[in-house]
Every structure is written in structure tokens, then in C-alpha cells.
Amino acid sequence: MLGVRSLNTEYKIAQGPAVRAAKNVSFEVPTGKFFTLLGPSGCGKTTTLRSIAGLERPTSGEIEVGGKLIYSSQQNVFVPLNRRNFGMVFQSYAIWPHMTVYANAAFPLEVRKKSLTKTEIRDKVMRVLHAVALDEYADRDATKLSGGQQQRLALARALVMEPELLLLDEPLSNLDAKLRERMRFELKRIQRDLGVTTIYVTHDQSEALALSHEIAVMNEGEIIQVGSPRAIYERPRTKFVAEFIGTCNFIDGVVLGKGTRDHAWQVRSPLGDWQAFSEDPLQEGGKVSLSIRPENVELSDEPFSTGAPTNLCKGVVDQKVFLGDFIDFQVKVGETLLLARTHPSLRTPVGDPIHVRVAPEKCVVVSANSATA
Amino acid sequence: MATLGLELERSSASRNFDPKWLIMGFVVLVVAWLALVPLGFLLWQSFMTPASAAAEAEFTFRNYLEVYTSSETLRLFGNSTIYALGSSILALVIGTGLAWVCERTNTPFKSFFYALSIVPMFMPGILFVTAWIMLASPNIGIFNLLLQRAFDTSYVFVDIYTLTGMMWVDGIQHAPLAFLLMSATLKTMDPSLEESALMSGASVFAVARRITLKLALPAAAAAFLILFVRALESFETPALLGLPVGIEVFTSAIWEALHGYPSDIGLGSTYAVTLLALTAGGIYWQSRLARNAGRYATVTGKGFRPRVMDLGRWRYVTAGLFILYSLLVIGLPFLVLLWSSMQRYYSVPSWDALQNISFDSYRAVLAFPSVGTAVWNSVMLALASATAVMLLTAVICWIVLRTQIRGRWILDNIATMPLVMPGIVLGLSIMICYLVIGGGIYGTIWILLIAYMTRFLPYGMRFNSSAMLKIHKELEESAALSGASWFTTFYRVVLPLLKPGLIAGWIYIVIISVRELSSSILLYSPGSEVIAVVLWELWQNGQYTQLSAFGVMLIAGLFVFVLLAQLISRRVGIREV
């Protein structure tokens with residue numbers, strides 16, 4: 001449905017060389033899917049979205065939607081944004097304050113070349129306002145809406161012209177925490193119901209994980225990793241991805257050789273000689289980093305009796321923080337600190353010894369060079 | 001950063017032609033024509049001999065040679081500088097003092113005084129000066145006559161026809177401008193800077209003197225330059241007070257050169273170019289200063305309530321000062337106009353004169369054929385120039401702020417350039433321009449419209465750009481993404497959102513164009529008089545009572561207009577004006 005190929009964007013600044021905001025960005029989004037560009041601010045995600053929208057002109061590359069080229073540097077194609085038929089929700093919502101709710105939502109239909117009758121417009125607008133539960137507010141001034149309602153109106157306005165693509169630029173970031181969580185469900189429901197292909201930009205990893213079919217993690221203008229939410233979370237390829245999505249322990253180590261199973265490798269680290277997971281083949285003797293999520297660190301007062309006798313070590317409780325639904329332990333293994341998140345029933349006092357275990361597939365090898373971290 | 005405007009530009013270049021380029025191109029051409037062409041003609045004229053029936057105009061340095069080797073010019077320069085310095089310092093001192101009282105003290109009725117400070121806007125400069133002549137001239141001035149009667153002497157106590165008198169009249173007239181500039185600065189100053197001085201044990205006045213005013217110094221310097229340039233440009237005061245006693249400044253010298261016989265347009269142009277260099281230098285310096293003032297971190301983005309100081313019993317003194325100022329600037333001038341408008345022949349207030357109250361002058365003024373024409377012309381010119389300027393500058397601002405077109409800063413500078421042109425210089429430039437290129441515009445009302453549009457372009461820019469900066473760019477982008485063309489977006493989204501700024505600017509331009517004299521005086525001809533010109537003529541003819549009657553009606557009219565404007569603007573949500 002949407003194909004972005006080798007997209008490059010540069011900003012010219014008054015002084016110095018041009019800033020490359022997007023470097024060789026490529027990805028494909030199938031019809032009806034929810035695709036998220038995730039990354040810290042300044043990573044090029046918004047630039048990529050604005051390039052798709054037509055708000056910015058890339059320096060090179062190709063963008064294709066539904067088999068139609070809308071931008072190609074080689075063939076000198078650039079479809080103006082007002083002929084692209086994409087819906088977009090802006091971070092500020094961009095609700096026109098001088099119009100009513102109805103007028104805001106009707107605007108895209110009124111300015112279209114192909115003319116619709118008044119009743120056709122009315123039907124379509126009321127249908128989309130109903131979908132976002134704003135039909136009762138149709139005649140209200142748009143500025144009289146609450147933040148969440150404005151957000152839904154922006155969504156309605158983006159959807160009313162039945163766009164080929166729905167573009168969302170951090171639409172939830174201006175809402176308070178409670179509302180944001182509710183709108184997350186709402187957004188997901190609407191997108192799944194309508195089946196509209198959606199590109200979503202956010203810096204909030206939990207939003208990305210909750211909403212997306214697929215996530216592209218970006219940093220410094222490049223896509224670092226593309227995958228399903230689960231794959232991105234459980235199998236990060238770089239330190240940056242592991243760290244950006246959730247908290248992570250990083251333990252430096254050296255590859256000893258192939259492990260006993262597929263994708264399993266023997267890695268020597270301060271924690272001991274452990275089995276770790278890597279999809280890519282590793283060089284024997286190469287330096288790597290193990291990424292271990294705190295919730296995957298098993299702790300016990302007693303030695304582990306069940307399961308395979310691998311990836312075990314002993315440490316001392318250095319600190320602990322009670323957080324209600326769980327408890328964070330900081331465990332000192334030799335000189336290495338390991339963060340573990342466990343059930344609050346574990347009550348080992350600070351200074352006591354403790355047993356540590358991590359399942360081999362939860363010990364994920366990430367490239368140690370932190371060039372992209 | 002690449003933006004919407006850039007994208008529209010490139011995309012339309014590669015596809016079919018977008019009509020918006022016609023609109024934008026047209027606007028740019030009009031603005032460039034208005035601001036640049038007359039200036040070129042002025043420069044050209046200053047290097048030419050006057051064309052006459054006998055001889056063609058020839059290139060010459062004679063004008064400059066004559067001007068710069070004459071001791072007359074030195075005197076002119078001295079007078080202009082002293083006059084502008086005195087007037088601007090007086091305005092700054094009064095304005096800053098009042099601003100401090102208004103913003104920082106618990107003086108009673110201060111919000112009322114704040115509202116009063118904009119009232120002088122209704123009074124055209126020529127009326128203010130004539131009112132002060134009636135108050136303080138040696139022969140007919142009420143002050144003198146009352147004092148002479150009281151002490152039974154013929155000693156002249158005050159004489160307005162002096163350099164000091166000119167500075168006084170111009171200074172107190174423009175103190176409100178200083179007041180507005182300085183109160184904006186005081187309002188945004190971080191109060192903790194003063195609070196810490198108070199906690200160190202400083203008295204209220206020590207804090208005001210050693211902290212508040214010191215912190216406000218960069219802003220005060222910028223305000224001073226604005227006032228100084230404005231005083232250099234002022235025409236009414238030097239023409240009415242200085243010319244009769246031979247105290248000439250540049251503006252009145254230009255007027256004399258053109259108006260005397262034989263009129264010397266070359267000399268006038270050379271004076272005009274010299275004056276222009278002075279004002280341009282002042283404005284340039286002021287903009288440099290304003291840019292550097294940011295380093296004085298007194299103004300932070302934080303919202304806070306400025307500290308109000310308790311003056312104790314002194315607050316009645318400050319209130320008294322305010323009342324005195326209001327009396328000098330609003331009360332007395334208006335009352336003297338009202339008084340003289342109800343007399344058949346101008347006379348000093350007395351019981352005898354009170355018996356002679358009549359409304360004959362009003363009747364007489366309304367019967368003048370030129371008054372009706374002038375009012376009609378002024379109203380038409382005000383409405384037309386305000387509307388045209390606001391729409392033109394809306395497009396210019398959009399180009400400057402919303403596109404990435406190369407060289408758009410030049411456009412910005414062109415449209416704000418008339419700010420440095422004194423009215424009389426602008427009038428002269430336009431006169432030369434349309435005399436030379438012909439086209440039948442000279443001698444019609446259209447030349448006045450051109451002059452007004454040029455003169456008020458910078459105000460339109462200021463109102464529109466501050467309004468446009470408040471419009472989030474995404475509001476336009478989402479319209480474009482919705483499928484709207486540039487024109488639809490501009491008409492249905494940009495203009496409606498710009499409305500508060502558009503209306504505020506429009507009202508402001510209407511008011512100042514009704515008061516405009518210094519350009520009009522060179523450009524009008526029989527049939528195209530405007531209100532200020534008629535006032536000028538009444539003065540020259542010595543018809544003081546009719547002048548007063550006309551003035552009173554004018555002030556009343558402007559007052560009603562401003563009240564209406566306030567109502568309208570409250571409805572569309574403006575707080576300025």
C-alpha cells in the first residue's frame with residue numbers, strides 16, 4: 001500500500017552544512033495496517049511523516065501509495081499535498097478556531113474539486129462525527145471542546161474524506177495521562193474498524209507497543225529496526241532499541257562460541273559463562289553486549305532446583321525499591337549491578353546473598369558498538 | 001526548514017500554473033512600487049536642476065554644494081537636533097515617569113489614567129498646536145493675558161513661539177507614545193529583581209532609581225531613538241510655531257523651499273535627502289539596540305504580576321501629577337478649542353465674552369463648501385487606505401513568515417521602509433514621481449491615496465505580522481492537506497484567523513490617516529482637500545473660531561469612532577487600540 005524507498009531529506013540552515021534529517025529511510029506498509037515511526041525527538045520521524053504528507057519535499061527517494069508514485073526524485077514527480085487525499089492529525093490538532101465542529105469536519109469535503117451536494121456532505125460529516133462520538137456537538141464552536149474532544153474532531157476531519165492514508169503526528173502527546181490511555185483504545189478501535197492504513201509518529205514507546213501492527217525505531221535519521229511490537233521489545237538488535245523501549249541491563253561480554261541450540265551462543269561476562277540469544281551469527285572472540293530486561297531476571301533466596309542449570313549466578317542485594325505492584329532489586333554480582341523486577345512477595349533484606357537466573361532466550365545479544373545508541 | 005509555502009511553490013512550477021502567483025506577484029509589485037519608486041525620484045531630483053519651460057532638467061551637484069556649504073544648513077541642523085533632542089527627552093521623562101507610576105505604584109485611579117493616555121490619539125497635531133497657541137502665545141495666549149490682568153503689567157510671561165515652546169508642545173504631545181513604550185517594558189520586568197533590592201533594605205525610591213530604571217535603560221534608549229526620529233519628522237509644530245519667528249528645522253525648511261516663491265524643488269529634495277539620512281540612521285541604530293536589548297535578561301517569558309509599590313502618602317502626589325498632565329495635554333487644549341469655537345471673534349475667557357456665546361462658527365464651518373469635500377475625501381481616503389494596506393500587508397506577511405522564498409527579508413524591509421520617511425519627505429517624493437511620469441494622477445485624490453498607502457504600510461506590517469505569528473502553521477497545513485488550494489486556504493483559514501489583527505490595524509490606520517497633514521499638504525489640490533489641510537488653511541486665514549469649531553466636531557467624531565471601534569473589537573476579541 002505505502003512504499004517509502006531510500007528517502008533522504010535535508011534541511012538547509014543559515015550556517016554550516018545541510019542537516020540530514022532522514023537518511024535512506026525505506027519501509028513498506030501493507031493495506032489496513034497500523035505502522036508506527038518511533039524514536040526520540042529529532043530522530044527524523046516527523047520529517048518522514050511530513051514528507052509522506054507532502055508538507056516537505058525530500059531531496060531524494062521515492063514514495064508510492066496504492067501503486068501510484070506521489071514522489072520520485074528520479075522521475076521528478078511531486079504530487080501537491082492538496083491533491084494527495086491523505087488525512088492527517090497534527091500534534092496541535094490544528095482545529096480551526098473560527099469554525100464550528102461541523103464546519104471543521106465538513107471543510108475537506110467542501111474544498112474538494114468533485115462537488116458533493118449539501119445532503120451528501122451532511123451525511124458523511126454526521127457519520128464520521130458519530131464514529132468519534134461528537135455528533136451531539138456538531139453546532140458547537142470548535143474552541144469550546146475539551147482537549148480529548150478536539151483530538152477526536154481532528155481525527156474526524158482527517159477521516160471524513162475517506163483518505164487513502166491516515167497520518168498521525170503525536171496526536172496523544174497533548175493529552176493528560178488518563179485521557180491519553182483512553183484515547184489509545186479509542187484510536188485503536190477506530191483504526192481497526194475502518195481498516196484505514198495508518199502511519200503514526202510518536203516518541204512514546206508504550207503508545208507504539210499498544211497501537212501498532214509494526215514499529216520502525218528511528219534514530220538520527222535512520223531506521224534502526226522494523227518489527228512487530230513483541231519482536232522489537234523482546235529481540236532488540238541494538239543497545240539503542242533495547243534502551244529506548246523499556247529499561248534494560250547491559251552486560252558486556254565476549255563470544256566463546258556456538259551454543260547448544262539454534263541462535264544460542266556462549267558468552268563470557270561478569271555474570272559467568274552464559275547462553276545468550278542472537279539471530280545474527282557472531283564472531284568467536286567478538287565483543288558483545290547482553291541486554292536483559294529487569295522483569296526477566298529471576299531472583300530466589302534458595303538455589304534454583306528446577307529447569308536447566310544454565311545462566312545462574314550469585315549476588316548480594318544492594319538496594320531495593322518497593323513500588324506497590326512490584327519491587328525493584330538492585331543486585332550486585334561481583335562488581336556488576338543488575339536491576340531485577342520481581343513480585344513483591346520476595347523480601348530478601350539488603351546485604352543478604354541472592355540467587356540469580358535469566359532464561360537464555362531472554363539474554364539478547366546486541367551489538368556492543370554504541371554508534372547508534 | 002522546508003515548509004508548506006516552498007512545497008506549493010515547487011509543485012506548481014512543475015505542474016500547471018497556480019493563480020496564487022498572480023496575486024502574490026501583483027502584491028509584491030504594488031508594494032515595491034509604492035515604497036521604492038518615489039524614493040528613487042527624490043534622489044534623482046536632488047541631483048537635477050529644476051525643469052522649466054525654458055530649460056530641461058540637467059544633472060548637477062549644485063543642490064548639494066549649495067546646501068552643504070551654506071551656514072544656513074548648519075543652523076538648520078542645529079535647530080533640528082536641539083528641537084528633536086529637547087522634545088524627545090521631555091516626552092521620555094514624562095512618559096517614563098507616568099509609566100512607572102501606572103505600572104508599579106498604588107496610585108489611585110491609575111487604570112483610568114491608563115485609558116486617558118490614548119486619548120491624545122484623537123487630537124490631530126495641528127489642533128493641539130493651535131490650542132497651545134491660544135493658551136500661550138504672547139499676544140492672545142490666555143496664560144499671558146490672565147497673568148497680565150492679575151499683576152496689571154504688560155510683561156510677557158510665556159512665549160510659545162520659541163524653540164523651548166516648540167519642544168514643550170511637541171514633547172508633551174508625544175509623551176503618551178513614550179508612556180506606552182515604557183509601560184510595556186515595565187510590565188514584563190522580573191519583579192524578583194526589585195524584591196531582592198527591597199529586602200536588602202533599599203527604599204522604594206532607591207529601588208525605582210537604582211534597579212527599575214537601570215534595568216529599563218536599554219528599552220528607554222530604544223524608546224528615546226523612536227521619539228527622536230519622530231520629533232525630527234514632525235511638521236505641524238515647527239511649521240506653526242517656528243516659521244512665524246524664523247526658527248527653521250528640516251521639515252519646515254522643505255516646506256518653505258517648496259512653498260516660497262520661486263519654489264526650489266532641487267533645494268527641497270536635497271534637504272529631504274539629508275533629513276532622510278538622519279532618520280534612517282536613527283531607525284537603524286534603534287533596531288540594533290532593540291536586538292541587543294535581548295541580552296539584558298529582564299524580560300523573561302514567565303508570566304508574573306509586576307510588583308506594585310506602596311507609595312504611602314506620596315501616592316496622592318503621583319495622582320496629582322497625572323491630573324496635571326491630563327490637564328495640560330487633554331483638558332486645557334480641548335477646553336480652549338471649545339471656548340473659542342463658541343465665540344464670534346476670538347477672545348479671552350471673561351464674563352463679557354461669556355455673554356457672546358454663539359454657535360455661528362459651527363454654522364459657518366458647515367457652510368464652507370470645502371469642508372464637506374474635505375470630510376468626504378478624508379473618510380474615503382481613510383477607509384480605502386486602511387483596507388488596502390491591511391490586505392496588501394497580509395499577503396506580504398504571509399510571504400515573509402510562511403514561505404521559504406529566497407530574499408523574502410528584502411520584501412519585509414521594503415514594506416517597513418516608509419517608516420523612516422518623514423511625511424513631508426514622502427509627500428515630496430511622491431509629488432516629484434508623479435509630476436515626472438505623468439499619467440494624470442498628480443492633482444487628483446488618487447495621489448493622496450498612494451501617499452497614505454505608502455505611509456501606513458509599516459503599520460499594516462506590524463499589526464499583521466504579530467497576528468500571523470500567533471496562528472499555528474499547522475492550521476494552514478491541515479487545510480492544504482484537506483485538499484484546499486492556496487487561495488481557499490488564505491481566504492477561509494488565514495484571513496478569518498487574522499481578523500483581530502486586521503481590524504485593530506485597520507482602526508489604527510483610519511485614525512492616523514484622518515490626522516495626516518505633512519504629506520497631504522504637498523499633494524492636495526482644489527477638490528482633493530482633506531480635513532487636516534482645511535484646518536491648516538483656516539489657521540493661515542486667521543479663522544480661529546471656525547478652526548476651533550471644526551476641531552471640536554472632529555474630535556467628537558473621532559471619539560465616537562474609537563468608541564464604536566472598541567465595541568467591535570471587543571466582539572472579535574482584540575485588546576489593543
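Predicted model: local features only at pLDDT ≥ 70, side-chain atom pairs only at ≥ 80, totals over all residues.
Residues are numbered from 1 along each chain as its sequence is written, chains are lettered from A and ligands numbered from 1 in the order in which they are written, and side-chain values use heavy atoms, with hydrogens and water left out.

B:Ser46 belongs to helix α2 (residues 20-46) of chain B; helices (H or I, at least four residues) and strands (E, at least two) are DSSP runs, numbered from the N terminus. Its side chain makes a polar contact with the side chain of B:Tyr64 at 2.8 Å, where such a contact is a pair of N or O atoms within 3.5 Å and, within protein, one must be able to donate a hydrogen and the other to accept it, residues adjacent in sequence counting only if both atoms are side-chain atoms. B:Tyr64 is also part of a cluster in which ring pairs link B:Phe47, B:Phe59, B:Phe61, B:Tyr64 and B:Tyr68.

## Aromatic pairs and charges over rings

Over all chains, the structure holds 29 aromatic pairs. Rings of Phe, Tyr and Trp (its six-membered ring) pair if their centres lie within 6.5 Å, and planes under 30 degrees apart count as stacked, over 60 as edge-to-face and the rest as tilted.

In chain A, the charged end of A:Arg84 sits over the ring of A:Phe78, 4.8 Å from its centre, and A:Arg293 lies over the face of A:Tyr233, at 4.0 Å from the ring centre. A charge sits over a ring if NZ of Lys or CZ of Arg is within 6 Å of the ring centre and within 35 degrees of the ring normal.

## A cavity lined by both chains

On a 1 Å grid over the protein atoms alone, a cavity is a set of points where a 1.4 Å probe fits but cannot get out, and lining residues have an atom within 4 Å of a point; grid points are joined across faces, edges and corners, and a volume is the space filled by probe spheres set on the points.

The lining of the second largest cavity includes A:Arg157, A:Met161, B:Ser478 and B:Leu481. The largest share of this lining, three residues, comes from β7(A). By class, the lining has five nonpolar, three polar and one charged residues, where Ala, Val, Leu, Ile, Met, Phe, Trp, Tyr, Cys and Pro count as nonpolar, Asp, Glu, Lys and Arg as charged, and the others, Gly among them, as polar.

## Positive phi in two loops

A:Asn76, in the loop between β5 (68-72) and β6 (77-78) of chain A, has a phi near 55°, a positive value in a residue other than glycine. At 53% relative accessibility, A:Asn76 counts as exposed.

Key
1 Å grid on protein atoms, 1.4 Å probe; cavity = no way out; pocket = protein on both sides within 12 Å on 5 of 7 lines; lining within 4 Å. Buried < 20%, exposed > 50% of the residue type's maximum accessible area, 1.4 Å probe, protein only.
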